[in-house]
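Dear colleague,

Please find below the model that I promised to pass on, together with its sequence. My notes on what was found in it follow.

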Amino acid sequence: MKIAIIVPAYNEEKTLGHVLKSIPRRFPDVEKVEIVVISDGSFDKTVEIAKKAGITLIEHDLNRGLGGALGTGFEYAKKNGFDALLTFDADGQHHGEDIWPVLRPIVYKKAEVVIGSRLKNSIGMPWYRRVGIWGLNLFTYFFFWTWTSDSQSGLRAFSRRAIEEINLQSNRMEVSSEFFYEINKKNLKLKEVPIKSIYTDYSLAKGQKNINGFVIIARLIFRRFFSK
Amino acid sequence: MYQTIFDGVALIKIIFTIFALFAWSRAIIRFYSKDLNIKELFFWSFVWALMIVLVYIPGKTNFVAKILGMERGNDAMFFLAIAGLFYASYRLYVKTNTQEKEITKLVRALALKNVARGKILAKKRQPVIMAKSIAKRITIRRGKRKPRIK
């Protein structure tokens, strides 16, 4: 089995080096692991750090947002015949140890999409962040008919079939909810696994603000009802 | 009711007339600079001339109001204008959205052409004498990579 770990990064020089070191290179029953950093038009040292780490680097010339970067990761995995794909945030909020629990159901064919849910074990998450995520969860449910305890998680894994079927349209942060639209539409088997998240001032500042939630909702309404 | 000057002609009517004449003159200028053809010039001339005429006919919008079930022509005009604006902003949103997607596609295609593979980068650091064919391949790859514009 060949897996790709996609790390979308936009100006993450402070955390990227540490994040890349924290990702394990070996997993049971996995022959090849390729770490792919997608620099989304970064203008700091993100590119240099990724090059030094000796991992695969894909560079966007312009900033296209999280959705655009993840879409590129999917396209890369599709073209190069990967059996599984894992997305991992570059802001240092995920633990490297959480990768295997998320990946395991894919490797042993128990699910087609696995979401690492921060809310199943939400110690340390600020209350306002919890409220924001729950709001978006409810919204995701009403519009895309898929219940999830963490619609905004950045740690997700996808099987070969999911890689081929998921067609991302969103460019920005709303992509996190769009995954559930695709999961429902393409009838993919979803599983949730509890993960821990590290909340530092840095990752909080980098992550989504609650106010962005309204922008995300507006874009999702458009995606749901007006887009092809 | 209205503030009037020039023998009872409302100020708003004068402003509107000046605006319409200005827009008309723009159309004529664009016709002479060959941005508009003769048909388009006639169309815009008709539109602006009609606007000016309509401004000076009292109660001309009342029939629109009646159709819409409103009392005053002004209300009907406001309603239609807002509906028109909403539609225009929706069209604009769709258009920018499509363009955003196109840009993403372009950026993605460019990025995927110039992937810096991890394996080769790892090899580069090792001071090992490479087989000629591999060395050649790496040089070609490096040559292909576009320099990053700063």
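**Chain B: elements and confidence**

The secondary structure of chain B amounts to six helices and two strands, where helices (H or I, at least four residues) and strands (E, at least two) are DSSP runs numbered from the N terminus. Along the sequence these elements follow the pattern β-β-α-α-α-α-α-α. Please bear in mind that this is a predicted model, in which local features need pLDDT of at least 70 and side-chain atom pairs count only at pLDDT 80 or more, while totals for chains, interfaces and linings use all residues. Residues are numbered from 1 along each chain as its sequence is written, and chains are lettered from A and ligands numbered from 1 in the order in which they are written.

The model scores ipTM 0.82 and pTM 0.72. In terms of pLDDT (the predictor's confidence in each residue, from 0 to 100), chain B has a mean of 78, with 73% of its residues at 70 or more. Within chain B, confidence is highest in helix α4 (residues 73–113), at a mean of 90, and lowest in helix α5 (residues 118–125), at 44. Across residues 120–128 of chain B the pLDDT is below 50, and this stretch has six contacts in the model beyond near neighbours in sequence. Where pLDDT is low, the predicted coordinates should not be read in detail.

For chain A the mean pLDDT is 87, and 94% of the residues reach 70 or more.

Helices α1 (residues 11–32) and α2 (residues 38–55) of chain B pack at an angle of about 170 degrees, and their axes are 10 Å apart; the axes are lines fitted to C-alpha atoms, for helices over the stretch in contact, and angles run from 0 to 180 degrees between N-to-C directions. The two helices α1(B) and α2(B) are therefore roughly antiparallel to each other, a term used for angles over 145 degrees. On the α1(B) side the residues that meet α2(B) include F16(B), W24(B) and F31(B), while those on the α2(B) side include W44(B), W48(B) and I52(B), a contact being a pair of residues whose C-beta atoms, placed from the backbone, lie within 7 Å. The residues of this contact divide into twelve nonpolar, two polar and one charged, where Ala, Val, Leu, Ile, Met, Phe, Trp, Tyr, Cys and Pro count as nonpolar, Asp, Glu, Lys and Arg as charged, and the others, Gly among them, as polar.

The loop between α1 and α2 of chain B holds K34(B) and also D35(B). K34(B) is a residue other than glycine with a positive phi, near 65 degrees. K34(B) counts as exposed, with 7 C-beta neighbours inside 10 Å, and D35(B) counts as exposed with 10; a residue is exposed if 12 or fewer other C-beta atoms lie within 10 Å of its own, buried if 20 or more do, and partly exposed in between, with C-beta atoms placed from the backbone. Buried residues make up 4% of the 150 residues in chain B.

**Chain A and its contact with chain B**

The contact between the chains takes 20 residues from chain A and 16 residues from chain B. On the chain A side, β2 (32–40), β3 (56–60) and α3 (65–79) each supply at least two residues, and by class that side has six nonpolar, eight polar and six charged residues.

Apart from its neighbours within four places in sequence, V7(A) is in contact with V19(A), I35(A), V36(A), V37(A), F88(A) and A90(A).

Helix α7 (residues 175–185) of chain A is mostly covered, eight of its eleven residues being buried, among them F179(A), F180(A) and Y181(A). Just after α7(A), N187(A) takes a positive phi of about 55 degrees.

With best regards

How values were computed:
Parallel < 35°, antiparallel > 145°, perpendicular 65-115°, else oblique. Contact = placed C-beta atoms within 7 Å.
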